[in-house]
Amino acid sequence: MWRIGTLAAALAMTLACAPRGAAPPAAPLSVVPDIVARRAQFVQKVLDAEVSHLSPGDRLALARLAEAAETIDQVYRLQVWGGNAALATRLDALTGPEAVAARDYYRIMYGPWDRLRDFEPFIGDRPRPRGAGFYPEDLTAAELEAWLQAHPEDRPSCTSITTVIRRQDGRLVAVPYSQAYRELLTQAAEKLRAAAAATDNASLKRFLVLRAAAFLSDDYYESDLAWMDLDSLLEVVIGPYETYEDTLFGYKASFEAFLCVAQPEDSAALERYKKQLPFLEESLPIPEEHRNLRRGGESPIRVVDELLSAGDARAGVQTLAFNLPNDERVREAKGSKKVLLKNIMRAKYEAILEPIAALVLPTDDVDRISFDAYFDHILFHELSHALGPGRITLAGRQTEVRLELKELHSAIEEAKADVLGVFSLYALADKGEIAPEVIAAQPWTFTAGLFRSARFGTTDAHGLAVLIQTNYLLDKGAIEITPEGRFRPLPDRFAAAIRELAHELLMVEALGSYDGARDLVQRYGTPRPEMTALLAKLVAIPVDIDPVYPLASGVS
Ligand code: ZN
């Protein structure tokens, strides 16, 4: 049962709990005093997507899939915390000016802990169980380790990604998901089979039938393989995937769903761009012997619009892209698939990048940014990971860039993908493959984007990558700082500076030069005061979107 802590109750405001029927009055729920401000970090955006090109069978399948996703959402709530159902009932009864914000924030966070603040409680003061709802709440890592030492035969089932751990008669037992969530998973499996019966796409039918069986057998391997073979306008992810929610051991997978639809024009553009990869490799600004024309064999990329997300995929900050499956056996057999969510990117562009541009670009330049320039750059960032040196030979020794650059590799590789993203757009524009408007908007959109990426800190790989780019472009005069302290790209110098930086980053990779990487980080890896000053002004800009899905309210 929910306990109200006195310390937090004293600090936090108290909201009255309206009486519900004959139930005894519960103790008031305490909610953090800044709940309205926290809720405002997430801007509601309606996520529309065109579905009129779907066949009648696929549209029917979509309705059943939406029902399956809602069921999966309920499974995830149980996985986050066993007390969620009782707390949701109490939250429904809250009244007062902050009640709506408290309910909204709870809905976004899937529990009383703030995912933007390291899981601090924002309702009550109960600390989050590190093992979420996957383990007994009082279980410590030491206790499970001791149990596994004494019962080594339990190790495979206890560390499985698809079991929960429960106490039974003084023992720790592993309960497969198919039993722990039997009722909900049986319902979800029925919906998947109904969707399989409705769709006329053979690859989707096969995936859904296999995935329905996996919900009841806990064996996801065949259905993961079938997912890699999907060739359908509907892109469907549904099942247990990521293990981040389990912060005790990282063993247990959370249920989630993404229902997405491919738009023919996006798929066609992507196919055109992929065909240009050999041309882009040949165009790289490095000596020919370092070009990597036989790289090939990269994992597929898809561009889709999201129609609905559920469970782990819906909690907290919305993902822009995912790369699945995680099962290494499937990745070895068939690689993995990267899926970019275009309408999520558009929603974030409007909610976050436009307001950032308004604060960091000169006032007269703010409307030079464009969504197409933003999206195409993200797309070419992803494609650019497949360009340039990967496996290299150093003094006769076969090695990989990743191994040579060690802990600096991610920052250098992310900077390379960002810079080659722009370089590729310019190279393809010369061939008439990219619209002139996308090129014209690129310097401003790119400059505003640097601040978007640097906003939450510059200590991680991508933050560091962004500093290298910003400072390099400033030093080359490709970006100037106005007397008002705003950042103005100079398009005449921009393309040349991008090319030079591409050369520097690619040569560090080609030579596997750890010293070269360290030198770049030392020269460019610290934010200039002008950037720090602008970043401080971005605090009031929303952190993320709160998606509203027309599909969730029911389609037939
Ligand atoms: Zn990347």
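Two strands are said to pair if DSSP finds at least two bridges between them, where strands (E, at least two residues) and helices (H or I, at least four residues) are DSSP runs numbered from the N terminus. The legends below describe a predicted model, in which local features need pLDDT of at least 70 and side-chain atom pairs count only at pLDDT 80 or more, while totals for chains, interfaces and linings use all residues. Residues are numbered from 1 along each chain as its sequence is written, and side-chain values use heavy atoms, with hydrogens and water left out.

**View 1. Strands β8 and β9, joined by seven bridges in the antiparallel sense.** Strand β9 covers residues 255-261, and within this pairing Ile238 has Ala257 of β9 as its bridge partner. Seven of the seven residues of β8 are buried, so this strand is largely enclosed by the rest of the structure; buried means under 20% relative accessible area, exposed over 50%, and partly exposed in between, with a 1.4 Å probe and protein chains only.

**View 2. The open sheet of five strands, in the order β8-β9-β10-β12-β11.** The pairing in this sheet is mixed, and its edge strands, each of which pairs on one side only, are β8 (234-240) and β11 (321-324). From one strand to the next the twist averages 35 degrees. Strands β10 (residues 301-311) and β12 (residues 337-341) pair in the parallel sense over four bridges, and Arg302 has Val339 in β12 as its bridge partner. Helix α16 (residues 371-384) packs on the sheet and touches β10 and β12, its direction making about 105 degrees with that of β10. Contact here means heavy atoms within 4.5 Å, while axes are lines fitted to C-alpha atoms, for helices over the stretch in contact, and angles run from 0 to 180 degrees between N-to-C directions.

**View 3. The zinc ion with its protein donors His381 (NE2), His385 (NE2) and Glu414 (OE).** These donors lie 2.1 to 2.3 Å from the zinc ion, and along the chain they follow the spacing H-x3-H-x28-E. Distant parts of the chain are linked here, as His381 belongs to helix α16 and Glu414 to helix α18 (residues 409-430), 33 residues apart. His381 counts as buried, at 8% relative accessibility. Donors are N, O and S atoms within 2.8 Å of the metal (3.2 Å for Na, K and Ca), and because water is not among the atoms, sites may look incomplete.

**View 4. Gln442 in helix α19 (residues 436-454).** At 1% relative accessibility, Gln442 counts as buried. When its neighbours within four places in sequence are left aside, Gln442 is in contact with Ala373, His377, Val422, Leu425 and Tyr426.

**View 5. The hairpin formed by β6 and β7, with two residues between them.** Strand β6 (residues 163-168) runs antiparallel to strand β7 (residues 171-176), and six bridges join them. Ile165 stands opposite Ala174 in β7, and Asp169 in the turn has a positive phi of about 50 degrees.

**Setting of the views. A protein chain with 23 helices and 17 strands.** Of the 556 residues of the protein chain, 54% count as buried. The C-alpha atoms fill a box of roughly 75 × 55 × 55 Å, taken along the principal axes. Among contacts between residues at least 6 apart in sequence, 74% join residues at least 24 apart.
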